[in-house]
Structures are given as structure tokens and as C-alpha cells.
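I opened my notebook to look up a few things in one structure.

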Amino acid sequence: MGREKETTKVAYTVEQLVAFNRYNPDILPDLENYVNDQVSSQTYSLEANLCLLRLYQFEPEKMSSQIVARILVKALMAMPAPDFSLCLFLIPERVQMEEQFKTLIVLSHYLETGRFRQFWDEAAKSRHIVEAVPGFEQAIQRHAAHVLSLTYQNIPRTVLAEAINMEGLSLDKFLEHQVANSGWVIEKSQGRGQLIVLPRNEFNDPALKKNAADSVPLEHITRIFPILS
């Protein structure tokens with residue numbers, strides 16, 4: 001009985017490994033498996049992925065290009081968070097020069113600059129990279145819709161269709177969801193088909209931005225008085 005207890009291994013979660021053993025190269029296989037788990041389960045852990053990329057810096061001969069590509073695709077899916085840049089910073093330039101990584105860098109640039117049509121055109125040429133990660137297209141569509149909602153008060157249906165790379169019944173279902181959950185309104189536009197009216201916010205409506213800036217919470221004012229005195 002005593003011998004059995006001595007040989008029993010304690011199973012640690014990936015979160016525990018990252019928190020307490022992040023610089024131990026022995027956890028590399030666990031972190032690589034965790035990347036694949038994130039892909040299959042459509043979950044995401046930036047901290048674990050950054051930990052793996054740091055370990056690759058110390059063990060470059062163990063670097064898996066497939067794993068790194070999956071990490072970058074997952075980071076793209078987290079837009080508008082800066083995850084892609086954080087990950088790229090830990091990847092050596094010689095690795096970044098590989099074709100698949102050059103493609104992902106171009107895709108990130110298109111997303112960051114709101115050039116969605118160019119993004120979808122480029123992504124279509126690299127389906128073998130992005131389609132290896134389930135949920136990629138849906139994540140980018142949500143990001144594009146978010147950017148549009150922060151930029152415009154209303155947009156033609158055709159502009160939305162191009163930005164999210166969707167048309168026909170798929171676009172109809174997307175719009176139904178946005179109307180039900182995000183406050184979008186669909187109107188008929190004379191001679192231009194449907195017009196999508198987006199909720200006003202401080203980013204797409206200067207008046208709201210001004211009002212938000214003018215309204216200083218009372219607790220902030222009370223904190224200033226002791227400083228001035």
C-alpha cells in the first residue's frame with residue numbers, strides 16, 4: 001500500500017502548470033496538446049499559448065509550425081484584442097518568414113485596418129490554414145459586425161454582406177439574430193434595398209461622445225477635492 005502511494009502521480013491542470021511551472025520545458029507536450037484541445041473544443045487560453053511560445057524560444061528545435069499556426073489563428077479570432085501582436089512578438093523572425101505565417105500577418109493587417117473584403121479574399125486563398133480551426137469564420141464575422149457598429153449609424157445591406165462575407169439566407173439569419181439580440185433595425189431604403197440601422201453609441205454618434213465626456217461621475221469629483229486642497 002505504501003509503495004502504491006509513493007508511485008502515484010499527481011495530475012495537474014494546464015492552468016496550474018502555467019502558473020507554477022511555466023519555464024519548465026517538460027510541460028511543452030502538455031501545452032501543445034492543450035492548443036489542440038482549444039481547437040477541438042473551441043475554447044481559448046491566451047496565457048497558456050503565450051507560455052508555450054516562450055518555451056519555444058528556449059527550445060527552438062522543438063517548435064511545431066502547425067501548433068504555432070493554430071495559436072495565431074486563435075489569436076486572430078480574439079480580435080479586437082491585441083492577442084495576435086502579443087503572440088507574434090514571441091515568434092522568431094525567421095519563423096515569421098514562412099509562407100503560412102506571412103499570410104496570417106497579412107490577414108491580421110487587413111483586420112486591424114478594417115479592410116474586410118481584402119481579408120476574405122486572402123483567407124479564401126489560405127483555407128488550409130484558417131479552416132483547420134473551427135469557428136474561425138464566425139469569430140471574424142462577429143468582429144466585423146462589431147467594427148461596423150462602432151463606425152456607422154446605418155449601412156446598406158450590401159456593405160454588411162461584403163464585410164462579413166455572407167449573403168442570401170445565411171445573411172437573413174444573421175440579421176434576424178442581430179435584430180433580436182443587438183438592437184439592429186432593418187429599414188427599406190429607396191432604390192438601394194435594405195438599410196441596416198445600428199444602435200447609437202459614443203463611437204458612431206459624436207453627440208453621445210460629447211455627453212459622455214461632459215458627465216463626470218460624482219465619486220471622481222469627490223476624489224479631486226482633497227488633491228486640490
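**Entry 1: the chain.** First I needed a rule for elements: helices are DSSP runs of H or I with at least four residues, strands are runs of E with at least two, and both are numbered from the N terminus. The model I am reading is predicted. By that rule I found 15 helices and three strands in the protein chain. I then looked up burial. Of the 229 residues in the protein chain, 38% are buried. I also checked contacts between residues at least 6 apart in sequence, and 56% of them join residues at least 24 apart.

**Entry 2: the largest pocket.** Rolling a probe the size of a water molecule over the atoms shows where empty space is left. I noted a volume of about 190 Å³ for the largest pocket. Which elements each supply at least two residues of its lining? They are helix 9 (116-125), helix 10 (127-130) and helix 11 (136-151). Helix 9 has the largest share, with three residues. The lining includes Trp120, Arg127, Phe136 and Asn165. I sorted the lining by class and got seven nonpolar, two polar and three charged residues.

**Entry 3: the second largest pocket.** The second largest pocket holds about 160 Å³ of space. I listed its lining as Gln138, Gln141, Arg142, Ala145, Met166, Phe174, His177 and Gln178. Two or more of these residues come from helix 11, and two or more from helix 13 (168-182). Helix 11 gives the most, with four residues. By class I wrote down three nonpolar, four polar and one charged.

**Entry 4: helix 9.** I went back to helix 9 to check burial. Its buried residues are Phe116, Phe119, Trp120, Glu122 and Ala123. Why do they sit on the same side of helix 9? They cover an arc of only 165° around the axis, so they share that side. I then looked for what covers the buried residues of helix 9, and found helix 8 (99-112), helix 10, helix 11 and helix 12 (157-164) among the elements.

**Entry 5: aromatic rings.** I searched the whole structure and found three aromatic pairs. Phenylalanine 119 has 0% relative accessibility, so it counts as buried. Tryptophan 120 has 7%, so it counts as buried too. I also noted that Phe119, Trp120 and Phe136 form one aromatic cluster.

Entry 6: Most residues other than glycine have a negative phi, and most peptide bonds are trans. I looked for exceptions.

- Methionine 79 and proline 80 are joined by a cis peptide bond, with omega about 10°. Proline 80 lies in the loop between helix 5 (65-77) and helix 6 (83-88).
- Glutamine 42 is not a glycine, yet has a positive phi of about 55°. I placed glutamine 42 in the loop between helix 3 (28-41) and helix 4 (46-58). Its relative accessibility is 53%, so glutamine 42 counts as exposed.
- Asparagine 165 has a positive phi near 55°. I found asparagine 165 in the loop between helix 12 and helix 13. Is asparagine 165 buried, partly exposed or exposed? At 40% relative accessibility, it counts as partly exposed. Asparagine 165 also lines the largest pocket.

Note on methods:
Residues numbered from 1 in each chain as written. Predicted model: local features only at pLDDT ≥ 70, side-chain atom pairs only at ≥ 80, totals over all residues. Heavy atoms only, no water. 1 Å grid on protein atoms, 1.4 Å probe; cavity = no way out; pocket = protein on both sides within 12 Å on 5 of 7 lines; lining within 4 Å. Points joined across faces, edges and corners; volume = space filled by probe spheres on them. Nonpolar A, V, L, I, M, F, W, Y, C, P; charged D, E, K, R; others polar. Buried < 20%, exposed > 50% of the residue type's maximum accessible area, 1.4 Å probe, protein only. Arc of directions from axis to C-beta. Contact = heavy atoms within 4.5 Å. Phe/Tyr/Trp six-rings, centres within 6.5 Å; stacked < 30°, edge-to-face > 60°.
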